[in-house]
Amino acid sequence: MKNNDTYIEEAPLARFLFSNHKIAWLWLIVRVYVGWHWLVPGWEKVVSPAWTGANAGTALGGFLKGALSKTAGANPDVQGWYAGFLKDVVVPHAAFWSHLVAYGELLVGVALIVGALTGVAAFFGLFMNLNYLLAGTVSVNPILFTLSIMLIMAWRVAGYWGVDYYLLSKIGVPWKGIKTKTRA
């Protein structure tokens, strides 16, 4: 480190939670919980004709109609800019978006459960949660959103008990190769 470089040390609790493989068991539980919440509805959509079959886009069209109905009033659940995006981009291509949602949910669920590219999968899950929240749907989305942020922060150890243990040691990370500790 050069004399003019500044190094801000990570807090011990943050280092333990997000970098220490000894806490990987916690991230396994979180990962499987979040993954299950994506896998089940994703699978239900993939096998549904209203999402990916002959009537693809029908179910999404109903969801969009409900979301667009939440744009009125002084404090709408769906903001005007997002309603415009839904009307102009999603509604005209509902069948395409329906397939994207169904297979996206399924793939995020599988990736999180097996621990493959955990940080990337958590990011895409977070992105879908954000869109559901912007469309005025609360449900379990705030919980999954928050847990996804934590999985992204813990990406180095969140997949330690999963495919990432082997995958990241082979492909490394964009800035340099990664060294993994052997399991004790």
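The structure, a predicted model, holds eleven aromatic pairs. Rings of Phe, Tyr and Trp (its six-membered ring) pair if their centres lie within 6.5 Å; planes under 30 degrees apart count as stacked, over 60 as edge-to-face and the rest as tilted. The ring centres of Phe-85 and Trp-97 are 6.2 Å apart and the planes stand at 80 degrees, so this pair is edge-to-face. Because Phe-85 belongs to helix α4 and Trp-97 to helix α5, the pair ties together parts that are twelve residues apart in sequence. Helices here are DSSP runs (H or I, at least four residues), numbered from the N terminus. Phe-85 is partly exposed at 30% relative accessible area, and Trp-97 is partly exposed at 24%; buried means under 20%, exposed over 50% and partly exposed in between (1.4 Å probe, protein chains only).

Leaving aside residues up to four places away in sequence, Trp-27 touches Leu-17, Phe-18, Met-150, Leu-151, Ala-154, Val-157 and Ala-158, where contact means heavy atoms within 4.5 Å.

Residues are numbered from 1 along each chain as its sequence is written, and side-chain values use heavy atoms, without hydrogens and water. Local features need pLDDT of at least 70 and side-chain atom pairs count only at pLDDT 80 or more, whereas totals for chains, interfaces and linings use all residues.

Note on methods. Helix = DSSP H or I, 4+ residues; strand = E, 2+ residues; numbered from the N terminus.
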